[in-house]
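Please open the model in a viewer and keep a selection panel at hand. The stops below are given in the order in which they may be selected.

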2 protein chains.
Amino acid sequence: MLDQVYGAIADPTRRAILGVLADGEVKVGTLARRFPITFNGVSKHIKVLERAGLVTRRVRGREHWLRLQAAPLRAAARWLDHYREFWDTRLDALEALLKPRP
Amino acid sequence: MLDQVYGAIADPTRRAILGVLADGEVKVGTLARRFPITFNGVSKHIKVLERAGLVTRRVRGREHWLRLQAAPLRAAARWLDHYREFWDTRLDALEALLKPRP
DNA sequence: ATAATATTCTACCAAGCGGTTGAATATTAC
DNA sequence: GTAATATTCAACCGCTTGGTAGAATATTAT
């Protein structure tokens, strides 16, 4: 699950797609027109995002409307949180305080 | 840069390696012994993590000691933060409050 | 019914991935 | 020096990826 999510957002085009979807629902065509690759290329990226649960699709006639689903990103952020202590500089100060004599 | 970081942590073995490294410096061999794949397989994963800036290596004689570098994870977490509002349930309540009549 | 529109499906390509094996290199131990 | 240890490097395998092009499907417009 984290595999799919991190794998999905490891690609800059897909991160950009999520950025567009953050402004609201968009259909595949209008989304595709904003990227310098083919329609089919964008269509494949969307499928990767769907597989990761980051995008859902609402078919209405011949149009497919896409919507951002942020829940999987929350799980991804939670995993990263386990490492927050390691980049938090305040910890260095705390450590220096706790073990002053090595 | 985010490409490399997210790509690196998209693999469960590499996430596990980071987990081990969170407990302190470890040399390649002792790390490799903890995984059900070959030494060389682990060695390649380490290289991916190094390329992402998540691991640094201190060569001491014939031993290579590995250390976690969490800074790139901070950048990754920051990007995810842009989407926090979308999974934060409090927003739903706020939205309901702001536009009570659709 | 025909044509235009919106989209997927299939097939292809070159490149990369996760994994293996076998050889090479460098350091330490005897 | 020779042998053991710790590690990389190079080559390979099957599978996936990001991208393309072309054909097929479904819906709407005329």
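Select the surface near DNA strand C, where a residue is near a strand if its C-beta atom, placed from the backbone, lies within 6 Å of it. By class, this surface has five nonpolar, 10 polar and six charged residues; Ala, Val, Leu, Ile, Met, Phe, Trp, Tyr, Cys and Pro count as nonpolar, Asp, Glu, Lys and Arg as charged, and the others, Gly among them, as polar. The model is predicted: local features need pLDDT of at least 70, side-chain atom pairs count only at pLDDT 80 or more, and totals for chains, interfaces and linings use all residues. Residues are numbered from 1 along each chain as its sequence is written, while chains are lettered from A and ligands numbered from 1 in the order in which they are written.

Of the 21 residues around DNA strand C, those that come nearest are Gly29(A), Ile37(B), Thr38(B), Gly41(B) and Gly61(B). Two or more residues are given by each of α3 (28-33), α4 (39-51) and β3 (63-68) of chain A and by α4 (39-51) of chain B. Helices (H or I, at least four residues) and strands (E, at least two) are DSSP runs, numbered from the N terminus. The largest share, five residues, comes from α4(B).

Next, select DNA strand D. Thr38(A), Gly41(A), Gly61(A), Gly29(B) and Ser43(B) come nearest of the 21 residues around DNA strand D. Here α4(A) gives the most to the surface, with five residues.

Turn now to helices α1 (residues 2-9) and α5 (residues 71-81) of chain B. Their axes, lines fitted to C-alpha atoms over the stretch in contact, come within 10 Å and cross at roughly 95 degrees, with angles running from 0 to 180 degrees between N-to-C directions. α1(B) and α5(B) are therefore roughly perpendicular to each other, a term for angles of 65 to 115 degrees. Leu2(B), Val5(B) and Tyr6(B) of α1(B) make the contact with Pro72(B), Leu73(B), Ala75(B), Ala76(B) and Trp79(B) of α5(B); two residues are in contact if their C-beta atoms, placed from the backbone, lie within 7 Å. The residues of this contact divide into eight nonpolar, no polar and no charged.

Finally, select Leu54(B). Leaving aside neighbours within four places in sequence, Leu54(B) is in contact with Val5(B), Ala8(B), Leu18(B), Leu49(B), Gln69(B), Pro72(B) and Leu73(B).

Definitions and conventions: Parallel < 35°, antiparallel > 145°, perpendicular 65-115°, else oblique.
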